[in-house]
Amino acid sequence: MDDRFFRIPSGCGISGIMSKDRKFFSGENIIKSIHSMIDRGNGLGSGYAGYGVYPEFKQYWCFHLMYEEPEARKMVEEYLKEKFEMIHSEPIPVKNVKTLSFIPILWRYFLDTRQTSEEYETFSEEDCIVQAVMFINTHIKKAFVFSSGKNMGIFKGVGHPDEIGEFYKIYDYKGYMWIAHNRFPTNTVGWWGGAHPFGLLDWAVVHNGEISSYGINRKYLENSGYTCTLFTDTEVIAYLFDLLGRKHHLDFETISSILSAPFWFQIEKCENQEKKKLLKILRIIYGSALINGPFGIIVAKSDCMIGLTDRIKLRPLVAGEDDDFYYIASEESAIRVVSKNIKNIFNAEAGKPVIFRTNGKS
Amino acid sequence: MAKVKKISEFLVRRDEEKCIRCQVCCRMCSNDVHTYVEENDSILSDNLKCVGCHFCEEMCPTAAITITKNPSEIRENANWRKEYIYDIEKQAETGGVILTGMGCDKGYKNYFDHIILNASQVTNPSIDPLREPMEIKTFIGKKPDKIEFEIEGNNMLIKTEIPPQLELDIPVMFSAMSFGSISFNAMKSLAIAAKKFGTFWNTGEGGLPEQLYPYADRCIVQVASGRFGVNISYLEKAAAIEIKIGQGAKPGIGGHLPGEKVVEEISRTRMIPEGTDAISPAPHHDIYSIEDLKQLIHAIKEATSYKKPVGVKIAAVNNVAPIASGIVRAGADYIVIDGIRGGTGAAPKVIRDNVGIPIELAIAVVDQRLREEGIRNQVSIITAGGFRKSSDVLKAIALGADAVYIGTAALVSLGCHLCQKCYTGKCNWGIATQDPYLTKRLNPEIGAQRAYNLLRAWSLEIKEMLGGMGINAIESLRGNREQLRGIGLNEIELKILGIKHAGESW
């Protein structure tokens, strides 16, 4: 069943590893970490996002496309050529894994935005990329953009994490940050686009949970110019980060105070009057962006990785560090399996963000 | 033509064995139904005078009285119902417009009864409101689209000024009921309850009695077409100001408080001579268009230094969504929409029962329209018109309302039995009357406690339902129509309501 037009609640496992000083490392450890939590998925979806994986094309936007029909590829390529300068295009290299099925046609494109375009006078470059993604996903049938950042890539599909890792040969890529997802959707799916991570520009999100506020979050985003094409909770989270971070210029702490807003009684108790005022204003303005219902998420952007849970922590999230890396995962075991000398390991507090930056600050 | 012999609507039955001739019923009934006959120590009851308010039944110490509908079967049929035949008889006699009170009692589809709520199972844990915080705090007023700030060092300096807001501890307020249409004691009961619970009450269009100034900070005052009681201290004392264009019970119609109800205190509060009729014209005679409304909104904002929200109340009519959009663009901070089932103290029956649209549909189309236009943030939507229970409130919020006004439900908590005779001024429960003999029956302290209890009960029920859905803040339900499903609705109804049918998953 194609789940593209239905909203699928799912339980999941998530994991993220980030090098403290932007050292490159292969995708091997992230496969190991996410695969250690195999019980948290059911073989119906997993995926990876790697940052720094396309050093030779790092100044270009990279689109990953999945096609269910060859015809769709022609239409997308025509559209992309018209809108952008296509620097390079190729099929995404994959390995035959017998246990996988419903495999779509997978291509990647490295694109340059034409600075002469009239559109830039009214829109930013990022807005044009977002528009192109939304256009393809809503208007070109059987085509789906699943990655659209610079020097990063999302690789995902329907299968167990080890199978998907093997399929995309994740271990052949080198990145300075990886996040991964193992999915337990509550129905049968055959569509690869439904897997996580979900991304827009260089945001990538892996998400464990179900959002009860989905209906209003989605309407709020639609009023702000986003088209929700996927009907997944995760898409909504990615767009909220994009809206609040990129368009409203808010930092991660502030975004977290919106998505997992503190309770009114906590705000009342806040001693710092400025902070108290800010928290109250945020709740008044951004009530429709509050994410309600159980979730644990890892959000990555080119220079940082953050972990966040819902206000009463209905889903698990653990964070830790060793000499070289920061880690966030659903379970402690997923961190210990890749770090023998873990130093500082702790449970994320309900609704409080864990923020790790590539410059070693946290 | 012969004079028609009247048939009573109700029968008063008295169990003679139980009746102890205490004559409480005789003294209590404002309609003079019961008369004591000394000669044979009996009590006669005139069925024709009975309005079915059940006051005597509840007061009778030995439970000797039962009020029932008159089972007399007049030859009615599917088209010519009893009510219509009697109405014609009345009009043939009097040549007048038939008046009535309370909200429309006709059987138009009540969409709340065709909408059901969601709950969490397995994939999403429900939340127990007894163990976890459950937030129903609501803000009424214009909201900015985004926060503006400057970064200075490590500090975030907030540049955004939040426009004035009403802070509600429950998304339920007491609807506009004027001094004149209801008694001082009824008003005071609601004022005390609103203040104690952290919500708001509304003066209606009859001014704010001086003795209620202590509750003015929790009071929304109305500016209606009659401008009764409107002066600068009235505006300044209030928490918010509401321009009343119309009400659900009588869209397009003005109001009329008969001179006999304009007693001394009402005359002072409304600023009109004692004993004169208080006439509210159908339109405001300084508002013949949306731009005139804009001027009045800004005149009021100027007068009150932009310190309090200014709202506009309209009845839900065919074109409600574009009208609402116009009101937002005219600068209102909140908009009140009153549906066809909205109550009244007096309205022509033909208007009450035939004009307007149900509030459920109005909420859905207004919320949708304002979102499409990208101006939903600029206004709060308060809805009114026939909210009977906490689930109605929750469904309205999920459809897109910010808060709900209750009028009839609040009066029922004070004793009202919906006899629909508010316009007679003979309310036995001391609510819709100015007769001191009757008003003293309503003790404002007790009334306040009962109205407060109602709010408390509904707030607990709302929290239970929210927790069941796995939601712990009311703002996550507002406009979240995914949590609703229709049952027994056709496609066009589902489309207007913006909900799926029961059985459809996400």
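Two strands count as paired if DSSP finds at least two bridges between them. I apply this criterion to a predicted model.

**Entry 1. Strand 20 of chain B and its neighbours**

I began with strand 20 of chain B, which covers residues 380-384. I looked up its partner on one side and found strand 18 (residues 334-338) of chain B, joined to strand 20 in the parallel sense over 5 bridges. Within this pairing, Asp338(B) has Ala384(B) in strand 20 as its bridge partner.

I then looked up strand 21 (residues 403-406) of chain B, which runs parallel to strand 20 and is joined to it by 2 bridges. I noted Ala403(B) as the bridge partner of Ile382(B), and Val404(B) as the bridge partner of Thr383(B).

Is strand 20 of chain B covered on one face or on both? I found both faces covered: Ser380(B), Ile382(B) and Ala384(B) are buried on one side, and Ile381(B) and Thr383(B) are buried on the other. In count, 5 of the 5 residues of the strand are buried.

**Entry 2. The sheet as a whole**

I next placed these strands in their sheet. It is an open sheet of 8 strands in chain B, with parallel pairing, in the order 11-21-20-18-17-14-13-12. I identified strand 11 (172-174) and strand 12 (201-202) of chain B as the edge strands, each pairing on one side only.

**Entry 3. The largest nonpolar core**

Which residues touch the most other members of the largest nonpolar core? I found Cys219(B), Ile335(B), Ile337(B) and Val404(B), out of 253 residues in the core. Helix 14 (residues 444-469) of chain B gives the most to this core, namely 10 residues. I also noted that domain 1 (10-96) and domain 2 (138-501) of chain B each contribute at least three residues to this core.

Leaving aside residues up to four places away in sequence, I listed its contacts as Ala191(B), Phe200(B), Trp201(B), Thr203(B), Leu208(B), Ala238(B) and Ala239(B).

**Entry 4. The two domains of chain B**

The domain assignment of chain B gives domain 1 (10-96) and domain 2 (138-501). I recorded 35 Å between their C-alpha centres. In the contact between them, 9 residues come from domain 1 and 7 residues from domain 2. On the side of domain 1 that touches domain 2, I noted 5 nonpolar residues, 4 polar residues and no charged residues.

**Entry 5. Helix 7 of chain A**

Why is helix 7 (residues 252-259) of chain A described as largely enclosed by the rest of the structure? I give this description because 6 of its 8 residues are buried. The buried residues are Thr254(A), Ile255(A), Ser256(A), Ser257(A), Ile258(A) and Leu259(A). Among the elements of chain A that cover them, I found helix 6 (233-247), helix 9 and strand 14 (304-309).

**Entry 6. Where the two chains meet**

Finally, I looked up the contact between the chains, in which 32 residues of chain A meet 35 residues of chain B. On the chain A side, helix 5 (214-223), helix 8 (264-269) and helix 9 (273-285) each supply at least two residues. Helix 9 of chain A gives the largest share of that side, with 6 residues. By class, I recorded 16 nonpolar, 11 polar and 5 charged residues on the side of chain A that touches chain B.

Technical notes: Residues numbered from 1 in each chain as written. Chains lettered and ligands numbered in written order. Predicted model: local features only at pLDDT ≥ 70, side-chain atom pairs only at ≥ 80, totals over all residues. Contact = placed C-beta atoms within 7 Å. Helix = DSSP H or I, 4+ residues; strand = E, 2+ residues; numbered from the N terminus. Nonpolar A, V, L, I, M, F, W, Y, C, P; charged D, E, K, R; others polar. Buried ≥ 20, exposed ≤ 12 C-beta atoms within 10 Å, placed from the backbone. Domains from an automatic or database assignment. Core = buried A, V, L, I, M, F, W, Y, C linked by C-beta atoms within 7 Å.
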